[in-house]
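Take a look at the model below. We will walk through it step by step, from one residue to the whole chain and back to a few details.

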Amino acid sequence: MTNIGESLMAPEASWRRYDETALGIVYTGTWSTETNASHYGGSMKFTATIGSSAAISFSFYGTKLRFIAPRYTNHPTNTIITIDGSDYTFSQNGSLVYQALQFEKTGLSLGLHTVSIVSTVGGTGTRIDAIDIDDTGYIGAVGQELTAPEFGWKRVQETDSRFVFDSSWIVDTTSSNSGGSSKYVTSGNHWIIFSFYGTKLRYIGNVNLDRLTGNVNNVIIDGVNRGGFSQYSTSAKYSVVNYEILDLALGTHEVIINTSGVIAFDAIDIDLTIGDQLTTPESGWKRYDAQFAFLKTSGLWSSNSPANAYNASLILSNVQNGSLKFLLQSTKLRIICATGSAYTDQVTIKIDGVAETFSTVSASGTAYQTLVYEKLALSDSVHTIEIINNKALAIYLDALDTDINARVYHPDEVTNISDLVVGKRIRCHYQATSGVVGSFSGLGIETSDFIPAASSATPNGDFYWLMVEDVNKKKVLVADRNVQSAIAWDTLNTAGIASGSGVPLTKQLVSIVPKMTSNSTPYGVASASSVYSTDAPAWKAFDKTTANVWLTTSQSWNGSWIRYDSPTPYIVESYVITGGASSMSTDAPQGWRLEGSNNNGSTWKTLDTKTGVTGWSNNQVRSYTISNTEAYSSYRIVITANGGGAYARTSEIDFLRYQTDEELVSGSIRLLTGGVSSADSDNEWDKYIVNSTLNGMITAGDNGVWNWNSGDFYTLTSTASSSSRVVRGKTLAGWTSVGSSNLSNSAFRPVLIIETPTSVRSLFKFDGGYKKWVEGTPEIVNTQNIIPKMASDANGIIALSTNSNNVNGFQSAYYAFDGVSTTAFANGVSQYPCWLQVDMGEMKKVDKYSVLYNFATVGSHMSNWDFQGSINGSEWSMIDSQTISAWNIGETKVFTVNNPLNYRYYRILMKSGTQYSVISELQLITVESTTPETPAHWQTISTTFPSADTFKSNGMSDLSIMDRKSTTFVSAMSDNGATGSVLGSGKVFKKSVDLKKLFEITNIKI
């Protein structure tokens, strides 16, 4: 999570970013625009004016707000942001940081909030780069010209028959109106009535001098007056948002507009609803193309490729009771279909067995990418989804929209090798350049879209392994498709794949970047120095498809960069650049640097440099290996040369690392056997693909499972001629012998053989049960520092203060909370008492506090202080008191306190000491949870002889607990003389030792 003052190049998960140019952000006074690739969207706005005459204002619907702007030493030290009448302050002053998170407010009530921003102290005036709000929120647009509806809205023109007008409305055909016309009246006391389904409404009209001022036009919604609006303006404008409401309950609403004076009505904007076209997923959603790979079908289904469908493909059935099943981990779901007048109107959808219905009928003719069903507020778990066509009329399924972090599973899919049985499948990723055997990775993980069923010469996608047999402790898995086309037999043979034993899997290069669906989802952050438009953002270079592109702004290619920040540092040892789909002769990168950073991009280390890289073709993939042994959290490509064009573009960038030992699958890759002749059915193709139902899990020979009609692929089998090889495919029974001269253009369908390791599991029988040893766990205390890293004395929530009169650069309170050990806070010379105070903004509990002393002068540490808490900032309670005589430089001391109460204010009160009492860093710590200690013990697993499954799941594989260990013990001896039998002079002692124990005595010392 980004702290105040740190760079935030893209909105984090669950946030949505509006650039400073966004509709609805209003600037009063004199403002200028600065263009710089380091700003979000390539620009930011600033004013040289201090005070209320230069202000920013907007309204937004949501629960949280972030203010993004550059930070610099001449920027304002006191900026006031007012939210719904409440003032908060923050500073824009500090060392240079672009796209810095300057202010954050969360926990607002869900609804419409009004915001104003003005700077009052220091610097050269307010800066603004962007605003972040909820990913489901909106920035208000009243007063702004809006010639077309924003994304997530639809426009209904005034000509729609569902609007009811009273008499006297006049048609205006001025072309500047939305849709080319509007209606108006020249006197008051008229009305418009309409109903709509949704949660939000905008009234679109025009403004002019002849309108009345004040909110004279009233809006009645569901019988309640919801405010009014005016169309007065000193200049004429068309397609203006006159009124909006964003927080209605989902449902049907009746609206009455009561007018006063001259008023024009052009259109309304409302929510997208069932039956509307939705050609791209809305913010907070992602789209899965409907494809057989993850769908389990019943009845006859086929595919079609209309150009207007999503990704120009959809699947269809006109069989009554034809059904589809899949699993979905998501909190929401939308079904996208083609609709038409003769399509099915009775479709049942079952979610976890609960049935609802939807229709795909449209009276207006065929329409593609239509929203036909929506389900919100699902639990965050895996749901079973079934779609059933109840009529013998066509259903055309186009896509599924889910939440941004969702995953779709085939009903027979598993994510762990240990769960594989015959008929189950597991996802895998395969990436290769043309004519070269590629790498397998991501077993059980959704890495990207599926490799096309027709395959690809340069694959970079997912597929399924289907388990077809489990024999002799070997799991046999076959790919559900040809993973690579146009590859030579000799290439596979040289790699060892065309041998009977196959080639053992070694550590593969895998991507550190997931399939990105926005600049910050599903995880990590994609960013770029500039983007040409919203259609070419940074994340589209990391979306695992060449269908999209990252493109710079014009004439900004030199020094432009594309970057990915990973939540986990990795050692990248290879990277891949894929050219765009056009203009490669001019826009392809011909020189660049690969750089890594571990401090959020403050400094970069060059890892590779390329120059003179020419001859790019469209969507060409080029891979590079580097010598790198250091893990970095940020990687970027900095472009230094192109082909002479105005832009730089790539369709894909990837950063690769090697798998760890834990990620490596113990197995080997080879080809299927295919039969020595067309009459030979004793081979793996016929056994598994043609004839097997995989224990009743599939229909034998189902092309929807095996994709066998997409092209020929090589097998292991040769014919009587040693120079010929057998290829199978295109038809289910197809068998072809190919001579050596034609072994350069078939496909690769792999077989994976996983060795099942021998496993020994043990339980111990004693005291009436079969038991295993369970190691104990220590007490785990989860704590959190409740003070974020501060870059000024206020961040909008927390406020710091002090009475220090130090004049040597140590008087700023935030120096004790800035996360920098080389800065410090101190009192003035011999100034006692001196206090350092924190206003948390709300009541919070402190269980510990820690102090770092890192000042060069020995003895300038705090030596006598109280730690106090207060509810109101004036009356203080003692929490802790300390006197410390010695403190090493660089030492952090932690103090646990007995504090049962919550306080809003906390302070350190330094009472006495040397000239200075220095605090390098102070943390206030709360204990969030405590997991108690678990002692080591023998756990009873069963009182009867356990089953094999019980041994597997609960047996001990490590028996080292039974190893003999060196142990020293001391045992008291008794005085032998006490028995009356003296053995000699002096005293002699005796001790019996029980040797029936699991140890042996190797030494006795008396």
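**A walk through the fold**

Leaving aside neighbours within four places in sequence, Thr 517 touches Lys 286, Ile 404, Pro 522 and Trp 539. Where does Thr 517 sit? Thr 517 belongs to the loop between strand E45 (509–511) and strand E46 (525–528). Is Thr 517 buried or exposed? Thr 517 has a relative accessible area of 17%, and buried means under 20%, so Thr 517 counts as buried.

Now step back to the whole protein. This is a predicted model. The average pLDDT is 88, and 95% of the residues score at least 70. Confidence is highest in strand E35 (residues 382–389), at a mean of 97. Confidence is lowest in strand E76 (residues 974–975), where the mean is 60. Keep that in mind when you look at strand E76.

How many helices and strands are there? The protein has five helices and 77 strands. Its C-alpha atoms fill a box of roughly 130 × 100 × 60 Å, taken along the principal axes. The chain has 1006 residues, and 50% of them count as buried. Next, consider how contacts relate to the sequence. Take the contacts between residues at least 6 apart in sequence. Of these, 74% join residues at least 24 apart.

Next comes the empty space inside. Rolling a probe the size of a water molecule over the atoms shows where empty space is left. The structure holds one cavity of 30 Å³ or more. The largest cavity has about 60 Å³ of space. Which residues line the largest cavity? The lining includes Tyr 288, Asp 289, Gln 291 and Phe 294. Arg 427 and Lys 515 are also among the lining residues. Glu 446, Ser 448, Asp 449 and Phe 450 complete the list. By type, the lining divides into three nonpolar, two polar and five charged residues.

Turn to the cysteines. A disulfide is a covalent bond between the sulfur atoms of two cysteines. How many disulfides does the model have? With sulfur atoms within 2.5 Å as the test, the count is zero. Cys 337 has a relative accessible area of 0%, so Cys 337 is buried. Cys 834 is at 0% relative accessibility, and therefore Cys 834 counts as buried too.

Last, look at the backbone. The peptide bond from Tyr 832 to Pro 833 is cis, with omega near 0°. Pro 833 lies in the loop between strand E66 (825–826) and strand E67 (834–844).

Two asparagines also deserve a look. Asn 600 is not a glycine, but its phi is positive, near 60°. Asn 600 is placed in the loop between strand E50 (591–597) and strand E51 (605–610). Its relative accessibility is 38%, so Asn 600 counts as partly exposed. Asn 707 is not a glycine either, and its phi is positive at about 50°. Is Asn 707 buried or exposed? Asn 707 has a relative accessible area of 11%, so Asn 707 is buried.

Conventions:
Residues are numbered from 1 along each chain as its sequence is written. This is a predicted model: local features need pLDDT of at least 70, side-chain atom pairs count only at pLDDT 80 or more; totals for chains, interfaces and linings use all residues. Side-chain values use heavy atoms; hydrogens and water are left out. Helices (H or I, at least four residues) and strands (E, at least two) are DSSP runs, numbered from the N terminus. Buried means under 20% relative accessible area, exposed over 50%, partly exposed in between (1.4 Å probe, protein chains only). Contact means heavy atoms within 4.5 Å. On a 1 Å grid over the protein atoms alone, a cavity is a set of points where a 1.4 Å probe fits but cannot get out, and a pocket is an open set with protein on both sides within 12 Å along at least five of seven lines; lining residues have an atom within 4 Å of a point. Grid points are joined across faces, edges and corners, and a volume is the space filled by probe spheres set on the points. Ala, Val, Leu, Ile, Met, Phe, Trp, Tyr, Cys and Pro count as nonpolar, Asp, Glu, Lys and Arg as charged, and the others, Gly among them, as polar. pLDDT is the predictor's confidence in each residue, from 0 to 100.
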